[in-house]
Amino acid sequence: MRKAVTALFPTLIAAPVMAGEVTLSIQIPRLDVSEYHRPYVAAWIEGADGAAVSNLAVWYDLRKREGEGGAKWLKDLRQWWRRIGRETEMPLDGVSGATRPVGTHALRFATDAGPLTALKPGTYEVVVEAAREVGGREVVRLPLAWPLTAPSQAVQQGKDELGTVALDLKP
Amino acid sequence: MRRLTLAVLASLALAGPAAAHRVWMLPSSTVLSGTDAWVTLDAAVSNDLFVFEHVPLRLDGLNVTGPDGAAVTPENTATGKFRSTFDLHLIKPGSYRAAVTNEGLIASYKVGGQQKRWRGKADSMAREIPADAQDVRLTESIQRTETFVTVGKPNAAAFAPSGKGLELRFDTHPNNLAAGESARFTLLLDGAPAPGIDVEVVRGGSRYRDKSEEVKLKSGPDGTVTVPFAQAGLYWFGAETQDDKARTAGARRRAVYNATFEVLPQ
């Protein structure tokens, strides 16, 4: 009997239950400045020890004509650069992309695919950093406990370069 | 030209560990991204950090090492009234070291009660210092002035020590420094860890504050020194020691190591 249960269990897990979803919303605020450039933005997952685990998004200027494009300014995403950026080959498939305009941008990640699959159980932070040419820089951090057990939300309000940054967790 | 070199070395010879006239290089950036980067560097000797107000550091002894350990040719070198300058084209990812090495022999002596000073090479000393010189004091000086820049992922191949004079081994990478963190370096004398070496660390921008805020440290028994970088900025690191390991008979040796580090905000 016991044997039968063990045998059945894997099929239960592997059954095509709906995968969870993590939604990261990043608001790029409208700023009243004379010279505006869209910010470079990076989002990544960081472990409790401060080590970056996974890139979620890198938005930078792909069109700039000097040399290799806007990659020259990626180091201005200072924390991202130090934690993971300088180890990351750009462009990064499915992660890097062009800068985004003012507004709220939602990034959806399935819990069973992409950057989240590498997560071991533990406590993490989702870090969002924005740096703007002739502007400032800001970092916002949101907690993430893995694996997800119950639906939850985390919200942080940026002060300067970021608006509302929200994490919507659905197991 | 020769006068400038003399001025630099004379200032070194006179300067005690705590005295002024620091020797430094100043990079335009130390942490870069992309694949085709340039930096420009200045090299000077001055009291205030990092202000061009005394004499340039001449580039005769400049050696730049790339991320693969091979030499990199500096471009657009020039020496002006207060500073030397050069550019580096960084086409390989990794860390680069720019180092200016100066070696010289300095003599102080008296002739007829008058204090004289001489600087030159050991083999011309006998010719150039009068036979009736009194109180001859010889100092052989070996001085390295370094700074570091990194494109992309840092590495350490460029930091191999020469094994001559005072140098640093980087337990903490010199381009991975952030405000509020400490860095650990090991002082090397002739390639071996050197305990008990006096170190001075000064944050740049001294012109804009009343106190120089220098931090005095001493290397531990294993030669290591832990440098606290409380705030972001450019820092000057100076270490100096004297011993009797000069190659010239009867001379003292002075070994000096200077470096410029950039500490970025968190």
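Reader: In which strand is the place of Lys110(B)?

Author: Strands are DSSP runs of E of at least two residues, as helices are runs of H or I of at least four, and both are numbered from the N terminus. Lys110(B) belongs to strand β9 (residues 94-111) of chain B. As to conventions, residues are numbered from 1 along each chain as its sequence is written, and chains are lettered from A and ligands numbered from 1 in the order in which they are written. This is a predicted model, in which local features need pLDDT of at least 70, side-chain atom pairs count only at pLDDT 80 or more, and totals for chains, interfaces and linings use all residues.

Reader: How many C-beta neighbours does Lys110(B) have inside 10 Å, and as what does it count?

Author: A residue is buried if 20 or more other C-beta atoms lie within 10 Å of its own, exposed if 12 or fewer, and partly exposed in between, with C-beta atoms placed from the backbone. Lys110(B) counts as partly exposed because it has 14 such neighbours.

Reader: Which residues does Lys110(B) touch, not counting residues up to four places away in sequence?

Author: Contact requires that the C-beta atoms of two residues, placed from the backbone, lie within 7 Å. By that criterion, Lys110(B) touches Gln115(B), Lys116(B), Ala133(B), Gln134(B) and Asp135(B).

Reader: What confidence does the predictor give the complex, and what is the mean pLDDT of chain B?

Author: pLDDT is the predictor's confidence in each residue, from 0 to 100. For chain B the mean is 92, and 92% of its residues reach 70 or more. The complex has an ipTM of 0.85 and a pTM of 0.88. Over residues 1-19 of chain B, however, pLDDT stays under 50, and the model has 29 contacts beyond four places in sequence for that stretch. Where pLDDT is low, the predicted coordinates should not be read in detail.

Reader: How many residues does each chain bring to the contact between them?

Author: Chain A brings 12 residues and chain B 13 residues. For classification, Ala, Val, Leu, Ile, Met, Phe, Trp, Tyr, Cys and Pro count as nonpolar, Asp, Glu, Lys and Arg as charged, and the others, Gly among them, as polar. On the side of chain A that touches chain B, three residues are nonpolar, two polar and seven charged.

Reader: What is the strand order in the open sheet of chain A?

Author: Two strands pair if DSSP finds at least two bridges between them. The five strands of this open sheet follow the order β4-β3-β2-β6-β7 (chain A), and the pairing is mixed. Its edge strands, β4 (96-98) and β7 (137-146) of chain A, each pair on one side only. Strand β3 (residues 52-60) of chain A runs parallel to β4(A), joined by three bridges, and Trp59(A) stands opposite Gly97(A) in β4(A).

Reader: Which strands of chain A pair with β9(A) in the antiparallel sense?

Author: Strand β1 (residues 21-28) of chain A pairs with β9 (residues 164-170) of chain A over six bridges, with Val165(A) as the partner of Ile26(A). Strand β8 (residues 152-157) of chain A also pairs with β9(A) over six bridges, and there Ala154(A) has Leu167(A) as its partner. A hairpin of six connecting residues links β8(A) to β9(A).

Reader: Which residues touch the most other members of the largest nonpolar core?

Author: A nonpolar core is a set of buried Ala, Val, Leu, Ile, Met, Phe, Trp, Tyr and Cys residues joined through C-beta atoms within 7 Å. In the largest, of 54 residues, they are Trp24(B), Tyr96(B), Leu187(B) and Tyr235(B). Strand β19 (residues 251-263) of chain B gives the most to this core, with six residues. A second, separate core of 35 residues includes Trp80(A), Leu116(A), Ala130(A) and Val165(A).

Reader: Where is the peptide bond cis in chain A, and where in chain B?

Author: Most residues other than glycine have a negative phi, and most peptide bonds are trans. In chain A, the bond from Met90(A) to Pro91(A) is cis, with omega near -5°; Pro91(A) lies in the loop between α2 (78-83) and β4 of chain A. In chain B, the bond from Leu49(B) to Phe50(B) is cis, with omega near -10°. Val134(A), not a glycine, has a positive phi of about 50° and is exposed, with 9 other C-beta atoms within 10 Å.
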